[in-house]
Amino acid sequence: MSNHPPPTQESPSLHTTLRPIWEFASTFAAAKTPSQIGSGWKIAIVSTVAQGYGVAVAELIETVQRTEEALKNRKSRGSSRMMAGGGGKMMSDGEKVKLQLYLDREEFVRCVEAVGVDSSLVEGVTELRRLMDSAESFYCKTT
């Protein structure tokens, strides 16, 4: 287990994920998008980005779970030493990763809304919410 504190904010690079859509929309699309197209183009792009992001998050969660299971197995065989703790139950590295993913998901949803897309219309965002529902409890412990 690392001695790093639990994360308290989203990843800094997350803000750049949807920035090109926002910049394009605010510079060109607002006045030049035909009414029959509307915001469908934004929904299509956000959906593709959210789907790819969801795949990456799912793979990371799976890796974290496998790692935690391997560590548990190793610990149960007695090959690892117990670390002296400060009395209270510390957050595991896997829980810290899940907390970071939760914070990132919340910011991603804010970014989706900021580009003018209703996040409830994006299947990838719904999947991200489903993947990270369990991590909300880690966030509640830190606030």
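I count a residue as buried under 20% relative accessible area, as exposed over 50%, and as partly exposed in between (1.4 Å probe, protein chains only).

**Entry 1: ground rules.** I am working on a predicted model, so local features need pLDDT of at least 70, side-chain atom pairs count only at pLDDT 80 or more, and totals for chains, interfaces and linings use all residues. Residues are numbered from 1 along each chain as its sequence is written, and side-chain values use heavy atoms, with hydrogens and water left out.

**Entry 2: helix 4.** I looked up the buried residues of helix 4 and found G124, V125, L128, L131 and M132. Viewed down the helix axis, they fall within an arc of 120°, so they line one face of helix 4. The arc is taken over the directions from the helix axis to the C-beta atoms.

**Entry 3: the whole chain.** I find 5 helices and 0 strands. Helices (H or I, at least four residues) and strands (E, at least two) are DSSP runs, numbered from the N terminus. The order along the sequence reads α-α-α-α-α. Of the 143 residues in the chain, 30% are buried. I then checked contacts, meaning heavy atoms within 4.5 Å. Among contacts with a separation of 6 or more, 82% join residues 24 or more positions apart.

**Entry 4: helix 2 against helix 3.** I took helix 2 (residues 40-76) and helix 3 (residues 93-114) as a pair: they pack at about 170°, axes 10 Å apart. Axes are lines fitted to C-alpha atoms, for helices over the stretch in contact, and angles run from 0 to 180 degrees between N-to-C directions. The two helices are therefore roughly antiparallel, a label for angles over 145 degrees. Helix 2 brings residues including V46, Y53, V57 and L60, and helix 3 brings residues including L101, R105, F108 and V112. I sort the contact residues into 12 nonpolar, 2 polar and 5 charged. Here Ala, Val, Leu, Ile, Met, Phe, Trp, Tyr, Cys and Pro are nonpolar, Asp, Glu, Lys and Arg are charged, and the others, Gly among them, are polar.

**Entry 5: the core.** The largest nonpolar core holds 28 residues. Such a core is a set of buried Ala, Val, Leu, Ile, Met, Phe, Trp, Tyr and Cys residues joined through side-chain atoms within 4.5 Å. Helix 3 gives the most, with 8 residues. V46 is one of the residues with the most contacts inside the core. Beyond four places in sequence, V46 contacts L18, I21, V112, V115, V117 and V122.

Entry 6: Are R105 and E107 buried or exposed? R105 is buried, at 5% relative accessible area. Beyond four places in sequence, R105 touches Y53, L128, R129, M132 and D133. E107 is buried too, at 9% relative accessibility. With that same exclusion, E107 touches E10, L14 and H15.

Definitions and conventions: Angles under 35 degrees count as roughly parallel, over 145 as roughly antiparallel, 65 to 115 as roughly perpendicular and the rest as oblique.
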